[in-house]
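My notes follow in the order I looked things up.

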Amino acid sequence: MNYDYVFKVCIFGEEGVGKTSLIQRLGIFEIDMFYEATFNVDIKKRHFQVANKEVLLKLWDIKKTIKDESFYTSYFRKIDGGIFVFDITNKASLTILGEWLKKFNQKNIPIIVVGNKADLKKQRSISDEEVNKIKDKYSIIKYVETSAKIGENIYTIFEFLIFDLLKNQKVN
Ligand SMILES: Nc1nc2c(ncn2[C@@H]2O[C@H](COP(=O)(O)OP(=O)(O)OP(=O)(O)O)[C@@H](O)[C@H]2O)c(=O)[nH]1
Ligand SMILES: [Mg+2]
């Protein structure tokens, strides 16, 4: 398959917020003929057709939260977009997300913030106000609430991000 664009997108967030589940939900990954072996990261490749363009997203999913700062310095290199995930039932996961965003903020790339586990409405422990604070502080192109469990809003995140990435391509 020939692609018009290939983008590298990283998924960030605290342990257990649902990063891997969100990616798994997308399904239908490209078979990797040239396996990119990385120690700390799972890479999945997925084809999208957006605005009549054939796009390949390389989705980078950190296997385990790593404390070593130098890991992220190299990890952040050449990223086209970021998906920052927290769990709407876990307040600490939003606080930690703020720290991730701070590290990332100097890079001028599109960022989407995802509040996952939206199916667990009764256990919700995060207010709109807390989310808005994060939205105001960092340049985020979109905030979406998802459920990897019931498959809600998953495709939307990736599609929206691709639209934004394509828009920037035209300007360059
Ligand atoms: N109810 C509910 N559970 C979810 C959802 N998404 C993920 N989970 C559950 O949350 C747990 C963690 O999900 P993972 O996808 O492994 O989370 P992760 O962010 O990849 O975690 P690490 O790789 O350890 O950092 C699993 O038990 C999932 O089944 C969701 O939308 N709703
Ligand atoms: Mg995971």
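I count two strands as paired if DSSP finds at least two bridges between them. The model is predicted, and I read it as such.

**Sheet**

I began with strand S2 (residues 41–50) and strand S3 (residues 53–62). They run antiparallel and are joined by 10 bridges. I found Val41 of this pair standing opposite Ile62 in S3.

I then checked a parallel pair. S4 and S5 are joined by 6 bridges and run parallel. Asp87 has Asn116 in S5 as its bridge partner.

**Helices on the sheet**

**Core**

Which residues touch the most other members of the largest nonpolar core? I noted Val9, Ile11, Ile83, Phe84, Val85 and Leu161, out of 30 residues in that core. Strand S1 (5–13), H1, S3, strand S4 (81–87), helix H3 (91–104), strand S5 (111–116) and helix H5 (154–171) each supply at least two residues. H5 gives the most, with 6 residues. As a general rule, nonpolar side chains tend to be buried together in soluble globular proteins.

Setting aside residues up to four places away in sequence, Phe84 touches Phe12, Gly13, Leu97, Trp100, Leu101, Ile111, Val113 and Val114.

**Positive phi**

I searched for residues other than glycine with positive phi. Ala51 has a phi of about 50°. Ala51 sits in the loop between S2 and S3, a hairpin with 2 residues between the strands. Is Ala51 buried or exposed? I count it as exposed, because 11 C-beta neighbours lie inside 10 Å and the limit for exposed is 12 or fewer.

Lys117 also turned up, with phi near 70°. It lies in the loop between S5 and helix H4 (128–137). Lys117 is buried, because 24 other C-beta atoms lie within 10 Å and burial needs 20 or more.

I checked Met1, in the segment before S1. Met1 counts as exposed, because it has 6 C-beta neighbours inside 10 Å. Leaving aside neighbours within four places in sequence, I found Met1 in contact with His47 and Glu54. I also took the C-alpha to C-alpha distance from Met1 to Leu56: 9.8 Å in space, for 55 residues apart in sequence.

**Ligand 1**

Last, I listed the shell around ligand 1. How many residues surround it? I found 16, and the closest are Gly18, Lys19, Thr20, Ser21 and Lys149. Helix H1 (residues 19–26) provides the largest share of the shell, 3 residues. By class, I noted 3 nonpolar, 8 polar and 5 charged residues around ligand 1.

Key:
Residues are numbered from 1 along each chain as its sequence is written. Chains are lettered from A and ligands numbered from 1 in the order in which they are written. This is a predicted model: local features need pLDDT of at least 70, side-chain atom pairs count only at pLDDT 80 or more; totals for chains, interfaces and linings use all residues. A residue is near a molecule or strand if its C-beta atom, placed from the backbone, lies within 6 Å of it. Helices (H or I, at least four residues) and strands (E, at least two) are DSSP runs, numbered from the N terminus. Ala, Val, Leu, Ile, Met, Phe, Trp, Tyr, Cys and Pro count as nonpolar, Asp, Glu, Lys and Arg as charged, and the others, Gly among them, as polar. A nonpolar core is a set of buried Ala, Val, Leu, Ile, Met, Phe, Trp, Tyr and Cys residues joined through C-beta atoms within 7 Å. Two residues are in contact if their C-beta atoms, placed from the backbone, lie within 7 Å.
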